[in-house]
Amino acid sequence: MKKKVALVLMVVLAMAMAFATGSSEKSANGSSVSTDGSTSMEKVIGALGESFMQQHSSITFTYNPTGSGSGIKAVLEGRCDIGLSSRALKEEEKAQGLVETVLAYDGIALIVNPNNPIDELDVDTIAKMFKGEITNWKEVGGDDAGIVLIGREAGSGTRDGFESITKTVDACLYRQELTSTGDVITTVSQNPYAIGYASLAAIKDTVKALAVNGVEPSEETVKDGSYAIQRPFVLVTKQGVALSSAAQMFFEYATSSEAAPIIGAAGAVAAN
Amino acid sequence: MHGVFLACGLLTIGFVLLITVYLVVSGIPAIHRIGFFKFMFGTKWASTAAEPSFGILPFILTSIYGTAGAMLLGIPLGFFTAVYISKFAPKAVRNVLMGAVELLAGIPSVVYGLVGMLVIVPGIRTVFGLPDGASLLAAIIVLSIMVLPSIVKVSVNALDAVPREYEDASLALGANEVETAFRVAVPAARSGIAASVVMGVGRAIGEAMAVMMVSGNVANMPLLSKGGLFESVRFLTTAVASEMAYSAGLQRQALFSIALVLYLFILLVNAILNSILKKGGGK
């Protein structure tokens with residue numbers, strides 16, 4: 001009995017080893033694409049990477065979630081193929097030879113209860129509300145009731161996006177910090193005086209998305225830049241440095257119209 | 001065959017050891033870096049701020065208050081339900097009630113959270129005229145319902161195990177049914193009932209999903225004197241669960257430290273449970 005078990009184990013081990021060496025050879029022969037940067041882009045880039053690897057099984061795709069700043073630096077120092085940034089490149093970064101290609105736009109909608117008479121706010125007012133400088137809806141033309149701020153947990157990409165666009169980083173006085181877009185939408189739909197934010201793609205009829213600076217949030221207004229609370233998801237490359245053939249293939253795939261539905265499903269608006 | 005059973009037993013112990021060692025190893029560094037007193041008694045939690053601060057006193061107090069509140073509501077309700085089921089209910093009613101309690105135990109906590117979010121939170125908002133109902137009170141109400149099955153089931157078992165002769169003797173001496181139940185059966189079953197309460201405490205302190213959905217989840221200090229019952233609060237469990245997904249560096253390590261603190265709380269609760277059960281068994 002014992003001998004049999006040992007024999008089976010040995011066979012399994014041998015097979016596993018053969019398989020392991022086989023696959024490592026494959027990845028040495030095949031090539032890889034490494035991306036590095038924005039944590040907010042995790043969903044989009046993860047979905048793209050997955051579908052890309054399904055089409056090209058010999059290519060290994062890696063994503064290192066370090067943050068936009070480190071991603072840009074990694075490209076500059078040649079530590080990755082493609083950098084990921086959830087903001088446009090600064091002039092001095094472009095001066096260093098970096099090139100930005102907008103992959104998608106992340107539109108963040110401000111949502112209120114459908115019974116709230118407010119339809120529109122501007123970015124300044126929104127920032128003041130979330131910082132606690134405006135605390136009553138009547139100050140912005142609504143009912144005489146306290147404003148209930150609904151936000152996301154620390155580290156969430158949507159929170160990071162919203163706070164950095166409205167310049168309220170670490171200054172928001174939330175009443176609730178929820179851990180998913182769905183929870184935010186449910187809570188806002190239950191409370192007539194709540195205001196929250198959520199990725200544009202996730203908005204449902206149970207809540208009302210506010211116009212910001214007079215522009216209704218939609219795919220078109222996010223894409224043409226007229227809707228204010230949005231940011232680009234950027235692929236960063238370096239001028240004069242040719243991408244490896246695998247990285248080039250990924251770059252073309254990600255910016256093709258073929259990838260648009262995948263980007264859309266991940267909650268962003270594809271640029272192409 | 002003996003070896004198979006031994007292996008299963010060792011595997012179970014191995015898991016416990018693995019989790020303990022892992023928690024201690026990954027939980028200690030952050031406490032060391034932040035400083036024990038700053039970590040345990042700091043009142044401000046801002047893990048992703050430019051100048052982060054990691055004080056978990058608000059979470060510890062919230063977990064203690066929340067559990068105590070849930071017990072305050074849950075113990076009387078569960079205890080009297082258990083006495084009724086065990087001593088007074090007709091067989092048919094007993095079956096229905098026990099079935100309902102079993103069902104209550106089987107409902108996933110996310111469902112409790114959802115119902116709390118859709119019913120209790122708006123309810124608190126309208127009843128107390130607040131801008132928002134997500135609060136310590138909402139969490140206490142949800143938890144008090146969630147601990148009922150532990151309290152009722154274990155108490156019923158304890159009460160059922162009281163020898164019939166005790167009660168017969170009491171009735172023969174002229175005590176009525178209510179007196180017999182509360183003066184004879186309950187004291188005889190007290191260690192079992194106490195154990196049920198401690199199990200309830202364990203359930204309440206370890207619950208994450210349901211309270212995350214109703215407590216508002218902001219790291220406020222729960223100041224009961226200043227209407228803290230209606231404030232948005234964060235529990236130890238939810239502190240770990242809500243930030244883990246995107247955490248990095250010291251923040252992630254600090255979350256492990258919170259888990260370690262929670263683990264110590266649970267160990268304490270279990271130690272109390274064991275000592276109660278031992279005392280009961282010794283008699």
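A residue is called buried here when its relative accessible area is under 20%, exposed when it is over 50%, and partly exposed in between (1.4 Å probe, protein chains only). By this rule Lys208(A), at 18% relative accessibility, counts as buried. The model is predicted, so local features need pLDDT of at least 70 and side-chain atom pairs count only at pLDDT 80 or more, while totals for chains, interfaces and linings use all residues. Residues are numbered from 1 along each chain as its sequence is written, chains are lettered from A in the order in which they are written, and side-chain values use heavy atoms, with hydrogens and water left out.

A nonpolar core is a set of buried Ala, Val, Leu, Ile, Met, Phe, Trp, Tyr and Cys residues joined through side-chain atoms within 4.5 Å. The largest such core has 31 residues, and those with the most contacts inside it are Phe130(A), Phe162(A), Ile195(A) and Ile229(A). Two or more residues each come from strand E4 (98-112), helix H5 (123-130), helix H6 (157-165) and strand E8 (194-199) of chain A; these elements are DSSP runs numbered from the N terminus (helices H or I, at least four residues; strands E, at least two). E4(A) gives the most, with five residues. A second, separate core of 27 residues includes Ile45(A) and Leu235(A).

Next comes the meeting of the two chains. The contact (heavy atoms within 4.5 Å) takes 20 residues from chain A and 24 residues from chain B. Together the chains bury about 1,900 Å², 49% of it on carbon and sulfur atoms; this is the accessible area (1.4 Å probe) that two parts lose on being put together, summed over both. Of the area that chain A buries against chain B, 30% is supplied by Arg175(A), Glu177(A) and Gln190(A), more than by any other three residues.

Charged pairs complete the picture. A salt bridge is a side-chain nitrogen of Lys or Arg within 4 Å of a carboxyl oxygen of Asp or Glu. Within chain A, Lys208(A) and Asp119(A) meet in a salt bridge (3.0 Å, N to O). This pair links distant parts of the chain, 89 residues apart. Asp119(A) is partly exposed, at 47% relative accessible area.
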